[in-house]
Amino acid sequence: MSVSKDDLRDLYAGRLGWDKTKAIISGPKDDDRFETAVEVLQEQVSWPERILMPLREHLYVVESGGERVVKCDCGHEFGDWRRNWKLSALIIARDDEASLEEIYPGLRRPDPALCEVREFICPGCGSLLDVESVPVGCPIVFDALPDLDTFYAEWLGRPLQGVRRCEDLTHEITSRWGQAEL
Amino acid sequence: MAATNGSGGAQIVACDAGGTMTDVIVVDRDGSFAIGKAATTPGDQAAGFCEALDEALGTPGGSPASLAAIEACVYSGTSMLNALLTGTGRRVGVITRRGEEDIFLHQRSRQSWAGYGHADVLHHVAHHRPDPLVPRRLVKGVEGRIDMFGVEAIPLYEHDVRTAVAELLDDGVEAIAVCLMYSYMNPSHEQRVAEIAAEVIAEAGDPPVTLHLSHELAPIIREHGRLNTVVLHAAAAEPSRAQLLRIEAALHGRDYPHPLQVLLSHGGVADIRYQRLHESTFSGPIGGLLGARYLSSVTGVDNWVCADMGGTSFDVGLIMAGEPMIDREVTVTRRIFNLPTLVMDTVGAGMGMFVSVDPLTGRITLGPESAGADPGPVSYGRGNDTPTVMDCALICGLLNPRNYLGGKVVLDVDRALKALREQCADRLRIDAHDLAEGVLELVASSMREHIRTVLSTRGFSAADYDLLAYGGAGPLLMAAYTSGLPFRGVVTVPWAAGFSAFGAAAVDLSHRYQKSTGIIVPDGADDGWKAAMGTMVNAGWDELEARASEDLRAEGLSWDDATVVPIAYVRYGGQLEDLEVASPVRRIDSAADMDALTDAFEDLYRRIYAQVATHRQAGFQIFDLGLTVTIPKVKPHLVRRDVEGPAPPPEAVLGTRDVYHGGRRQPATIYDMDALRPGNRISGIAVVEAPATTMFVPPDHHVRVDEWSMLWLTAGDQT
């Protein structure tokens, strides 16, 4: 089954009927699904940088000035894709009763001694990009670090220019935080 | 499939009208059969039916033969269901209890994955509630409540009913379905709703709106399935009856002297004037089970695994001790209905399934979609370019391109080969013939696993069963999908393609009634308690019996001719599943009678599970009662023929053809199935051809034709 570009566009916009959506969920992916999806998304953003991989709603890894950075629809850039973009976002940490009460009133509120809810906001447009609910003190979760070079070279068969080692570089940020406090 | 123009003349006509094709089987007095096929004609089903009938009678296009000598004509089809699902049925409004107006939106959670394949059942993201059967606007709630003991807890708010009916009439409904909680324990509220509704309808100038009550149509526990059933009846039963009456009129026009009958999903047969006509909705696939039950009564083989392979699915059902199993709920087209239905487990494995290569894993993928009859496989040349399982069978030489459906369709082997090569084999870098053979083995292995699952999940062993392969495609892969399973025997019949229709011809006239109740017999209950519970059981059976005798009278049948079997669904206290127990006593008038019933349950329980599984300490519960009434009807006469020598007659040998098997081309002997004689034996590698079916006999396999013309397949040295 090959999914047309129009159907993918409707899927992203939430307009695709259930029958087709179900067929996409249950069917195998067609060879060109990734390319078509990226084309659809590229048409929808206002900036010219090439999308290398969509990360989640609003966020993409793009090629920008020879670097691979995480970028929002609105154009805000979060820096190198190997550093957890969440650390460069605005964060609302709901870690006490009052702040949790705002979203989970009454009996639905979790115990702030056990859990905290973090909301990550784009500094450029104010969109809510992600929410994590984690035990108190848990480091900020790095959801996914895609191995772009392997994916492009071995799955798509067209390697990207300038291979970068795929490793978590989040510590480059957090280690600086440590030094600043010292 | 023998010709019908035998000395006996045609005696029984049975029809299976599917979504695409209508099959008719005509059974002669001397036991021979003929099958006719025609495209289903949904607008006026009489047209397709008559075309298929004429083909079976051997008079297509000629002057229609008289049907004066036919003794029974049984119809089964799916038109009612299609009417409901395509919205071409009547406009139905629903009255339910207040607070439950969103029932079609909530549904039962099971319905969100009902009808899905295994992978989709596991993947929550694919779950989805089917569209509501009735739009929310046409569902009205009324206050009032009967509790689980049948006692009125809140009186019926009659003004609610008046408003609800008036609003539904304003909305132009053609039928009103009423389903209130626990109405099967106490129908007084539903009856009162009906009275008020009749008044309101009369006040509105008597528009032609009909009323349908759940306690009359499906007095079975669980509102959702009960309501679905009532809506099915309200929307589709009467339009469907009109179709059936047209067919009957066409038959009467040709001197057929009896009423037309329909097959019911629990295996009975009824006059088309039968009140609960919706029970015929799901009768299509069960015909084969009834055919197998009939074979049991004739041949003495009483445990069958029935395996029906068609274009889109592979259905497996069991006959145990000569009887099929019954479920009180059935899931069809992703909806749950409270309708007693013979159990068949279905898996997507049909000849029409698409064959493709998964781009991610590089593995062969089968289905889940199928090509259907139109456009059909690539080899039909009617516009489908995606190869199917059937194309693979053709490429391997198992099917004869010039003798498919009796030569009605000429198959294009090159076209099928090209499609399989370009879309699959080249991508996998293997030979297309090897791939085609591999695909057949893949299909066979999923069928084999399905059979194994059907048996093992119930704790049964293949060693206690004979396998009966039918459906047009059944005999083709029967050797492959039974390989390694220790069946007592593996068999097919020359009329495999029309076996479901044959089954419909082989049933007695019978009705089945059901009603929920709430009877509890704790361990150590005293005689007084048992007798009191017995009174409740009797009340249930009396009610069902009254309904049954009324139905028989309406059909012009005599109660004196009927065999009546009372049924109780018994479970141990606290269990979720129960067993259907045919009561050894006609009524429960004493503690001893109750003990006889629970003893019969324990005896059955012991046979199905094990002695150690019994635990009467938990007491017994009965939540459903049932009743069957049966009146004997004329059935096909299966003829026992004299056994002849093992060598097939010369006219049965059609020549040889290369088939691709075991990774190479091998010459196979081609036989004409209709020309084989009882006693004949043939050995693989061979292909046995009949107009509507083909049997493949691999190397080291043998076929023996028995005195009933059934073809027994054995492997290796067993003969």
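Modeller: Happy to. In this predicted model, chain B and chain A bury about 840 Å² between them, and 65% of that area is on carbon and sulfur atoms. On the chain B side, the residues that lose the most area to chain A are B:His128, B:Pro359 and B:Leu360, which together make up 44% of what that side buries.

Side chains of opposite charge can pair when their charged atoms come close. Between chain B and chain A the count is two salt bridges. A salt bridge to look for joins the side chains of B:Asp120 and A:Lys22, at 2.7 Å from N to O. Three residue pairs are in polar contact between chain B and chain A, counting pairs with both residues at pLDDT 80 or more.

Now let us step back into chain B. Its domain assignment gives domain 1 (84-234) and domain 2 (509-631). The C-alpha centres of domain 1 of chain B and domain 2 of chain B lie 28 Å apart. Seven residues of domain 1 of chain B are in contact with seven residues of domain 2 of chain B. Together, domain 1 and domain 2 of chain B bury about 600 Å² between them, with carbon and sulfur atoms giving 54%. Across this interface of domain 1 and domain 2 of chain B, zero salt bridges are found, while three residue pairs are in polar contact, both residues being at pLDDT 80 or more. On the side of domain 1 of chain B that touches domain 2 of chain B, there are five nonpolar residues, one polar and one charged.

Along the sequence, they follow the pattern α-α-α-β-β-β-β-β-α-β-β-α-α. The C-alpha atoms of chain A fill a box of roughly 50 × 45 × 30 Å along the principal axes. Inside chain A, the side chains of A:Arg9 and A:Glu43 meet in a salt bridge, 3.1 Å from N to O. A:Arg9 lies in helix α1 (residues 5-13) of chain A and A:Glu43 in helix α3 (residues 33-44) of chain A, so this pair ties together parts that are 34 residues apart in sequence. Over all chains, the count comes to 67 salt bridges.

Rings pair up as well, with 19 aromatic pairs over all chains. Take B:Phe314 and B:Tyr481: their ring centres are 5.2 Å apart and their planes are at 65°, so the pair is edge-to-face. B:Phe314 belongs to strand β14 (residues 314-320) of chain B and B:Tyr481 to helix α13 (residues 474-482) of chain B, so the pair ties together parts that are 167 residues apart in sequence.

Finally, here are two backbone details to visit. A:His58 has a positive phi of about 80° although it is not a glycine; A:His58 is in the loop between β1 (50-56) and β2 (59-64) of chain A. In chain B, a cis peptide bond joins B:Gly684 and B:Ile685, with omega about 15°, and B:Ile685 is in the loop between β31 (681-683) and β32 (686-689) of chain B.

Key. Residues numbered from 1 in each chain as written. Chains lettered and ligands numbered in written order. Predicted model: local features only at pLDDT ≥ 70, side-chain atom pairs only at ≥ 80, totals over all residues. Heavy atoms only, no water. Buried area = accessible area lost by both parts, 1.4 Å probe. Salt bridge = Lys/Arg side-chain N within 4 Å of Asp/Glu carboxyl O. Polar contact = N/O pair within 3.5 Å; in protein donor to acceptor, adjacent residues only side chain to side chain. Domains from an automatic or database assignment. Contact = heavy atoms within 4.5 Å. Nonpolar A, V, L, I, M, F, W, Y, C, P; charged D, E, K, R; others polar. Phe/Tyr/Trp six-rings, centres within 6.5 Å; stacked < 30°, edge-to-face > 60°. Helix = DSSP H or I, 4+ residues; strand = E, 2+ residues; numbered from the N terminus.
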